[in-house]
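Good morning, everyone. Please have a look at the structure on the screen, and I will take you through it step by step.

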Amino acid sequence: MKKIIETLLCKSDAELAHLAEEGSNDAIEALVLRHEPALKKYLHALLHNPDKEKDTLQEMWEKVLLQFRGHKYTEKDNLEKWLRTIIFHIIFSKKKKKVPVASEAEVALASNTVADEAEDELNAERIGLVNASVTKLNDHMRLVIKMQLEENLTITEIAKRLHIKINTATSEFSKAIAKLRLLLGRKKKS
């Protein structure tokens, strides 16, 4: 690893974002090194498809670079949350359009088959069912679930952020999962 990257990794996300806005490719590289492992896990949890995960991650970094280069980056507080939001919008904007998340190479090599389209529709339907079920939770449960799924926070972090006891956060999370299973008609895994 280049010495400059090692030095940059000691800086905060806000400082790296500022340097990236000023045109520092090394700052971008440092941000990638810092955030990509967690973002890969997030994408895997959402997509379960290595090719789509890779393509979505690439598209996200392209959008980030455009934001930095255009001095349009405004999310100074939580860069990782902003990156996850971009990923979320990429995935679900494609789901709404019924466009499969695919690289140009995949599209060139294989046409969309009926099976692929059916799988995409099924995944979109599942996501819609989960989202509809989440809206049926009470405010506390919904907040705990969204913080865990969207921000990837631990129960301890959720409790701290909401200024509640860890046991309370755990209880709300457990109740939310149980209610979602009930709403989705799924049995608890043994």
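Before I name any residue, let me give the term we need: a residue is called buried when its relative accessible area is under 20%, and exposed when that value is over 50%. Please also keep in mind that what you see is a predicted model.

Let me begin with the chain as a whole, which has 10 helices and 0 strands, and in which, of the 190 residues, 28% count as buried. The chain exposes about 12500 Å², and carbon and sulfur atoms supply 55% of that area. If we take the contacts between residues at least 6 apart in sequence, 56% of them join residues that are at least 24 apart.

Now to the aromatic rings, where the structure holds 1 aromatic pair. Which two residues form this pair? The partners are Phe-68 and Trp-82, whose ring centres are 5.9 Å apart and whose planes make an angle of 50°, an arrangement that counts as tilted. Phe-68 belongs to helix H4, residues 50-69, while Trp-82 belongs to helix H5, residues 79-96, and therefore the pair ties together parts that are 14 residues apart in sequence.

Are these two residues buried or exposed? Phe-68 has a relative accessible area of 0%, so by the cut-off of under 20% Phe-68 is buried. Trp-82, at 13% relative accessibility, counts as buried because that value also falls under 20%.

Finally, I would like to show you a contact of another kind, in which the charged end of Arg-84 sits over the ring of Tyr-42, at 4.6 Å from the ring centre.

Conventions:
Residues numbered from 1 in each chain as written. Predicted model: local features only at pLDDT ≥ 70, side-chain atom pairs only at ≥ 80, totals over all residues. Heavy atoms only, no water. Helix = DSSP H or I, 4+ residues; strand = E, 2+ residues; numbered from the N terminus. Buried < 20%, exposed > 50% of the residue type's maximum accessible area, 1.4 Å probe, protein only. Contact = heavy atoms within 4.5 Å. Areas by Shrake-Rupley, 256 points an atom, 1.4 Å probe, with all protein chains shown as cover. Phe/Tyr/Trp six-rings, centres within 6.5 Å; stacked < 30°, edge-to-face > 60°. Lys NZ or Arg CZ within 6 Å of the ring centre and 35° of its normal.
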